[in-house]
Amino acid sequence: MNTHFYSENFQSTWFTKENFFRFILLALFLRVLLMPFFGHVDVLSEARRIYFWDVSGVYFDDISRNATALFQLLFYKVFSVFIPHEAMAFEHTDMANSTATPAEYFEFLGHPNIFRILFVIKIPFLVADLVTAWAIFALCGRTSAARAATVLWLFNPITLFAFYIFGRFESIPIMFCVLSMLAFQNKRVLLSALLLGLSINSREIFIFLGPAFLAVLFSSGSRDMSLSTKVWASIIVVFALSVSLQLISLTGDGSDSFGREVSSIATEGRVDYLFKFIVGSFLVFPMVYFATLLFAWNSEDESVALLPFVFSSVLFSFFVFSSHTAHYTSWMFMFVCLYLAKQPKLLKPALMLCVTWFFYNLAITDLGVFTTWLASPLSNHFSGLPHFPGLYNALGLNKALDLLTYGRIWSTFYRACLLYLFVQIAWEFIKARRLNSVGEAG
């Protein structure tokens, strides 16, 4: 049996080897063009933390983002030589409160080398993004179908916005996650567990993939793995989960570098809403998540195909059943690309997902999140341009359809695209299972 989950079924003159090389060059050019000129205020906040760690040797303990911070630090140590007057760019009188205010961000934008600084800050995001593209290509079998999936990853507006316009580090945990699936496909289970552990300690959401990995590991489809491999892989993942959840402190102390108490992720406001999304008397996402774990553990499907499907189930259900901001959608888009290699017809709903994502986030934005404010490095005047909610009301469109209803409509369309994509992915998984059963019976 072919060890690759994906096969050659996406024949197109668009995705020849020669064109693929051109796509890669164009994608690189597009990223280099975006990197210096856009950024949210969070870009400065994160850069301050990395700078302070570099110059003072003090790490800003942040729940479940240890690997992300270390990855950025390594790149900063190499490339900070290209940033003149670092202190003027990043120094702050109270580094214990590193989250930048808008006023501080506009002072930062006044640095004479601001474009160069923004470019350097985003280099680790670029590297992680390109490594993810390579991993998608390898995971899909290096075929023309794989080239199509990689091109979708390279040119979709969701990840371009998240990594280079909003300027967040989302590409780093995504990279570790995709590399983990690639290692698992290549039967390197311990390496897969280690990479997943890094992903778990890069972003909070990937904590949910830890138990999913364990469920696949101990499913009937993994019967060919040795018990010792399963035990060691489990130890790695459980340790990563414990560190991320603050059940284990790597420093041996319950306080951070500034003496503040480090709280459990269970009390974090940014994940608390997951467990308050209640319909009637049950919690929607935890219900679907637990059902997914039961499915994985009880499955007899080959683990190589089961793992990406279970991971995608977890993240798709998260986005269908919870509220989230624009750049978070980048977490699950890798699965859209991976399954496009198996199902070319996913291209249309994938494009529609991007469209509905755009109009949905226009409605729920505030100043600086999904607006021309993000182009303030180009000119401070961009921050003064009106954003969509203000324009919508100023033009009197709210009289025909209030903004809240507008947002709910586009949210419905957006989640419908997510749901349709996942149904198609699930159907492809079921078809592959049937084909395997027929082949084994024959």
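This is a predicted model: local features need pLDDT of at least 70, side-chain atom pairs count only at pLDDT 80 or more; totals for chains, interfaces and linings use all residues.
Residues are numbered from 1 along each chain as its sequence is written, and side-chain values use heavy atoms, with hydrogens and water left out. Local features need pLDDT of at least 70 and side-chain atom pairs count only at pLDDT 80 or more, whereas totals for chains, interfaces and linings use all residues.

Helix α5 spans residues 102-109, and its buried residues are Glu104, Tyr105, Phe108 and Leu109. These residues cover an arc of only 145° around the axis, which puts them on the same side of α5. The arc is that of the directions from the helix axis to the C-beta atoms. Helices (H or I, at least four residues) and strands (E, at least two) are DSSP runs, numbered from the N terminus. Buried means under 20% relative accessible area, exposed over 50%, and partly exposed in between (1.4 Å probe, protein chains only). Exposed residues Ala103 and Glu107 are carried on the face of α5 turned away from the buried side. The buried residues of α5 pack against α2 (41-56), α4 (86-90) and α6 (114-121).

Within α5, Tyr105 and Phe108 lie 3 residues apart, about one turn of the helix, and both are buried. An α-helix has 3.6 residues a turn, so residues three or four places apart point the same way. Rings of Phe, Tyr and Trp (its six-membered ring) pair if their centres lie within 6.5 Å; planes under 30 degrees apart count as stacked, over 60 as edge-to-face and the rest as tilted. By this rule the model holds 43 aromatic pairs. The ring centres of Tyr105 and Phe108 are 6.1 Å apart and the planes are at 35°, so this pair is tilted. Elsewhere, ring pairs join Phe161, Phe166, Trp357, Phe358, Phe359, Phe370, Phe388, Tyr392, Tyr406, Trp410 and Phe413 into a cluster.

A nonpolar core is a set of buried Ala, Val, Leu, Ile, Met, Phe, Trp, Tyr and Cys residues joined through side-chain atoms within 4.5 Å. The largest such core has 143 residues, of which Phe90, Phe108, Trp153, Phe213 and Phe311 touch the most other members. Helix α16 (residues 303-320) supplies the largest share of this core, 12 residues. Contact means heavy atoms within 4.5 Å. Beyond four places in sequence, the contacts of Phe90 include Leu44, Tyr76, Met95, Phe108 and Ile121.

Ser317 is also placed in helix α16 and, at 6% relative accessibility, counts as buried. The side chain of Ser317 reaches the backbone oxygen of Ser313 at 2.9 Å. Not counting residues up to four places away in sequence, Ser317 touches Phe285 and Val288.

Phe218 lies in the loop between α12 (209-217) and α13 (227-244) and is partly exposed, at 38% relative accessibility. With residues up to four places away in sequence left out, Phe218 touches Lys230, Ser234 and Trp297. Phe218 and Ser299 are 81 residues apart along the chain, with their C-alpha atoms separated by 9.5 Å.

A disulfide is a pair of cysteine sulfur atoms within 2.5 Å, and by this rule the count is 0. For Cys140, the nearest cysteine sulfur is that of Cys337, 8.5 Å away. Cys140 counts as buried at 0% relative accessibility, and Cys177 is buried with a relative accessible area of 0%.

Key. A polar contact is a pair of N or O atoms within 3.5 Å; within protein, one must be able to donate a hydrogen and the other to accept it, and residues adjacent in sequence count only if both atoms are side-chain atoms.
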